[in-house]
Amino acid sequence: MIARVTITLKPGVLDPQGRAIHHALDGLGFGDVHGVRQGKLIELDLADTDSAAAHARVDAMCRALLANTVIEAYRIEIA
Amino acid sequence: MKAAVIVFPGSNCDRDVVVALREAGASVRIAWHADPDLPGGTDLVVLPGGFAHGDYLRCGAMAARAPAMAAVRAHAARGGLVLGLCNGFQVLTEAGLLPGALLRNAGLAYVCRDVMLEPVNTETPFTRAYAPGEAVRIPVGHHDGNYFADDETLDRLEGEGRVAFRYAAGDNPNGSARDIAGVLNAGGNVLGMMPHPERLSDPAHGGIDGRRLFEGLLAHG
């Protein structure tokens, strides 16, 4: 069972990397982009077979290590 | 005073801070991050600068969960002194021993230069050798030193005298909220700061403004 955790900076937290990407896109002629936020994707290969149990375990992992909830939000997808 | 410097894989300012502490008169032991116990009789724990665990995931994230950190947390809870410098500050915020987080520098670039600091609360064991508002020169060297906390937390830190140092007006190198360079925990016994006092603590370094932090700690006992 594969879990994908998408981690992004919370709204309102400055994202200088997203801003730099936005600036670079603008320089390449993609002037119609309203905003860019950069995040990260963590893929976990789990032994679980029950998706609800897997979700609960990955949520615990996010709170323990994967995300810093002072500045980051996370979203879990189980596939 | 007995100091313990915790070394993580990727620490690189540990030896410099050991020298600064010894020069100030401390007895210093070096402890490995995987050791669950602090050296016996430790009064002061120092988390040095560097790039613990390669800054993977987030700066300080893995180090904050190291076995030694449980002992550091217990030491802080007993009122023991803890000083986190640069990467050590990042570790303390990741461990939840200090509020807020250190984000990527607003200018995106790694910044390595002297900055002017203004001591704010000088009634702490760490800052007692400085006068409020005086101009103190201490170097920074970091890529992720942009102090962030929500407005409510920042108000509380300022209201409770928990800002130890600010960057002097116009000299904020990283975009830190309210020019904050160093913060204290509620008990005033844990300090995290991005600047490196150990890097300006000998005349051969070109100045000794940083040495006063260690001398103040030693005078505290």
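In chain A, strand S1 (residues 2-9) and strand S2 (residues 39-45) pair in the antiparallel sense over 7 bridges. The model described here is predicted. Within this pairing, Thr6(A) has Leu41(A) of S2(A) as its bridge partner. Strand S1 of chain A is also joined to strand S3 (residues 72-78) of chain A, again by an antiparallel arrangement, through 7 bridges. Here Thr8(A) finds its bridge partner in Ala73(A) of S3(A).

Strand S6 (residues 111-119) of chain B pairs with strand S9 (residues 163-167) of chain B in the antiparallel sense over 3 bridges. In this pair, Pro119(B) stands opposite Phe165(B) of S9(B).

| Strand | Partner strand | Sense | Bridges |
|---|---|---|---|
| S6(B), residues 111-119 | S9(B), residues 163-167 | antiparallel | 3 bridges |

Chain B contains 5 helices and 11 strands. An open sheet of 9 strands in this chain has the order S2-S1-S3-S4-S11-S10-S9-S6-S7, and its pairing is mixed. The edges of the sheet are formed by strand S2 (27-32) and strand S7 (136-142) of chain B; each has a single partner strand, so one side of each is left without a neighbour in the sheet. From one strand to the next, the twist averages 25°.

The overall form of chain B can be described by several values. For 221 residues, a compact globule would have a radius of gyration near 17 Å, and the 15 Å of chain B agrees with this. Along its principal axes, the C-alpha trace of chain B spans about 45 × 35 × 35 Å. Of the 221 residues of chain B, 57% count as buried. Where contacts in chain B link residues at least 6 apart in sequence, 74% of them join residues at least 24 apart.

The two chains also meet one another. At their interface, 12 residues of chain B are in contact with 9 residues of chain A. On the side of chain B that touches chain A, the residues comprise 6 nonpolar, 2 polar and 4 charged.

Terms used
Residues are numbered from 1 along each chain as its sequence is written. Chains are lettered from A and ligands numbered from 1 in the order in which they are written. This is a predicted model: local features need pLDDT of at least 70, side-chain atom pairs count only at pLDDT 80 or more; totals for chains, interfaces and linings use all residues. Two strands pair if DSSP finds at least two bridges between them. Helices (H or I, at least four residues) and strands (E, at least two) are DSSP runs, numbered from the N terminus. Two residues are in contact if their C-beta atoms, placed from the backbone, lie within 7 Å. Ala, Val, Leu, Ile, Met, Phe, Trp, Tyr, Cys and Pro count as nonpolar, Asp, Glu, Lys and Arg as charged, and the others, Gly among them, as polar. The radius of gyration is taken over C-alpha atoms; the globule rule is 2.2 Å times the number of residues to the power 0.38. A residue is buried if 20 or more other C-beta atoms lie within 10 Å of its own, exposed if 12 or fewer, and partly exposed in between; C-beta atoms are placed from the backbone. Axes are lines fitted to C-alpha atoms, for helices over the stretch in contact, and angles run from 0 to 180 degrees between N-to-C directions.
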